[in-house]
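Here is a colleague's note for someone meeting this structure for the first time. Please keep the sequence and the 3D view open while reading.

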Amino acid sequence: MSNNKKEMVVTPWEVSGEIDYDKLIENFGTNKLTDELKQKLAKHAGYLHSQLKRDVFFSHRDLDWWISQYEAGNKVGLYTGRGPSGDVHLGHLLPWIFTKYLQDAFDADLYFQMTDDEKFLLKENLTLEQAIEFTYENALDVIACGMNKGKTFIFSDTEDISHIYKLGLKVSKKITLSTAKAVFGFTDSDNIGLTWYPALQAMTCFLQSDREKKNVPCLIPAAIDQDPYWRITRDVAEKLGYYKPAQIHGKFLPGLQQGGKMSASQPETAIFTTDNPDIAAKKVVAAFTGGQQTIKLQKELGGNPGICNIYAYYYYLFEEDDKKLQEIDRNCRSGSLTCGECKAKLSRMVKTFLIDFQKKREKAKDSLNDYFIK
Ligand code: TYM
């Protein structure tokens, strides 16, 4: 059976099969992001981000409330994170680029959690020391996305534990093992560290409020795989005297091969920010497309951008100009654009992007310390 016919699985640890985003809204009990809400975000930002225009961010909980708090003159905050188990890939950058847009629009503080504990507990072959090393490596990528200094608080669950442990304990006391089992599917053979970990991912929703000693509405921009955490957090928030966190959910950038999302656990299907730009360009050339088997057939029948990963990269990240995007779509369908030409153009764009991003990443080394929580 080919990958894309497999049943959809979306959990914090696995995303596979053909993803039906409308179904996820239904299954997870979230709300579709309406045009009205997108326009409200655009009003505060000064422009409509392409990730909104193109429904890359497509679902939410309580985003209307979070914006209304801001409009009423209250301070609002942002929270997102990373499980540092390896290098960062282009998929991870999607929510971070969008987070920067929100940070600027709402002048918000951002709490950015590095879950080196989670990844150590989860990954058989990852040592704690390696996970911690990736915390600092991956933080360079976060900073390279342009997060605002003085308003961004990155922290490692392990190295900065003194800032978070007390709040983590308060949250963990409100979550029973049976809830954790029901939501995350833990079994008796899982290590006990993993069953405690969700308290720490939940805790960060309240961290700004806890530190500032007043309730600050929190919004979490992330792909929808992280949603189970927010469901348990929302259940305990009011019991602890905090607002329920709001969410805005993103879609997944696909991998270079057919089906699923870009994932570091399948490195051959991912483009990492640390890849040699020439090697990344070659990966693009080898990617799955929605084109025909031969150039002759492509010219006769045209391709299908709807199932094409190369087109997805243009759509999600690399072609911001709507007219140019439509042109790619039209020329692909009519057969006048071959996959070879389309891949060659994208591979040049990926290369340029990586060269530029890697410069920013290098520069971030000078200010790494300034971004960590004090
Ligand atoms: P992690 O490291 O798996 O993912 C980091 C962020 O990237 C998103 N993501 C993707 N987005 C688009 N396309 C993809 N192919 C793709 N793959 C991953 C994830 O949704 C996430 O937003 N447990 C978390 C770390 C964490 C966290 C958080 C994430 C702690 N607190 C709060 C988001 C919000 C993790 O392992 O993420």
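The points below go from the ligand to the sheet, then to one helix and the cysteines.

1. Basis of the note. This is a predicted model, in which local features need pLDDT of at least 70 and side-chain atom pairs count only at pLDDT 80 or more, while totals for chains, interfaces and linings use all residues. Residues are numbered from 1 along each chain as its sequence is written, and side-chain values use heavy atoms, with hydrogens and water left out.

2. The shell around the ligand. The ligand is surrounded by 26 residues, where a residue is near a molecule if one of its heavy atoms lies within 4 Å of it; the closest are Tyr79, Arg82, Gly83, Asp225 and Leu253. By class, the shell holds ten nonpolar, ten polar and six charged residues (Ala, Val, Leu, Ile, Met, Phe, Trp, Tyr, Cys and Pro count as nonpolar, Asp, Glu, Lys and Arg as charged, and the others, Gly among them, as polar).

3. Elements that supply the shell. At least two shell residues come from each of strand E5 (77-82), helix H5 (90-106), helix H6 (116-122), helix H10 (192-203) and strand E8 (218-223); helices (H or I, at least four residues) and strands (E, at least two) are DSSP runs, numbered from the N terminus. E5 gives the most, with four residues.

4. Polar atoms at the ligand. A polar side-chain atom of Glu118 lies 2.9 Å from a ligand nitrogen, and one of Gln201 lies 2.9 Å from a nitrogen atom of the ligand. For Lys119, a polar side-chain atom is 3.2 Å from an oxygen atom of the ligand. The protein covers 98% of the 680 Å² of accessible area that the ligand has on its own, as computed by the Shrake-Rupley method with a 1.4 Å probe.

5. The sheet. Seven strands form an open sheet with mixed pairing, in the order E3-E4-E9-E8-E5-E6-E7; two strands pair if DSSP finds at least two bridges between them. Strand E3 (31-32) and strand E7 (152-156) stand at the edges with a single partner strand each, so one side of each has no neighbour in the sheet.

6. Strand E8 and its partners. E8 runs parallel to E5, joined by two bridges, and Leu219 in E8 is the bridge partner of Leu78. E8 also pairs in the parallel sense with strand E9 (residues 246-250) over five bridges, with Pro221 partnered by Ile248 in E9. Six of the six residues of E8 are buried, so this strand is largely enclosed by the rest of the structure; buried means under 20% relative accessible area (1.4 Å probe, protein chains only). Cys218, Ile220 and Ala222 point one way from E8, and Leu219, Pro221 and Ala223 the other way.

7. Helix H10. Nine of the twelve residues of H10 are buried, so this helix is largely enclosed by the rest of the structure; Gln201 is among them. Asn191 caps the N-terminal end of H10, with a side-chain oxygen 3.1 Å from the backbone nitrogen of Gly193.

8. Cysteines. The structure holds zero disulfides, a disulfide being a pair of cysteine sulfur atoms within 2.5 Å. For Cys308, the nearest cysteine sulfur, that of Cys339, is 6.2 Å away, and Cys308 counts as buried at 10% relative accessibility. For Cys332, the nearest cysteine sulfur is that of Cys308, 6.3 Å away, and Cys332 counts as buried at 13% relative accessibility.

Technical notes:
Polar contact = N/O pair within 3.5 Å; in protein donor to acceptor, adjacent residues only side chain to side chain. Buried < 20%, exposed > 50% of the residue type's maximum accessible area, 1.4 Å probe, protein only.
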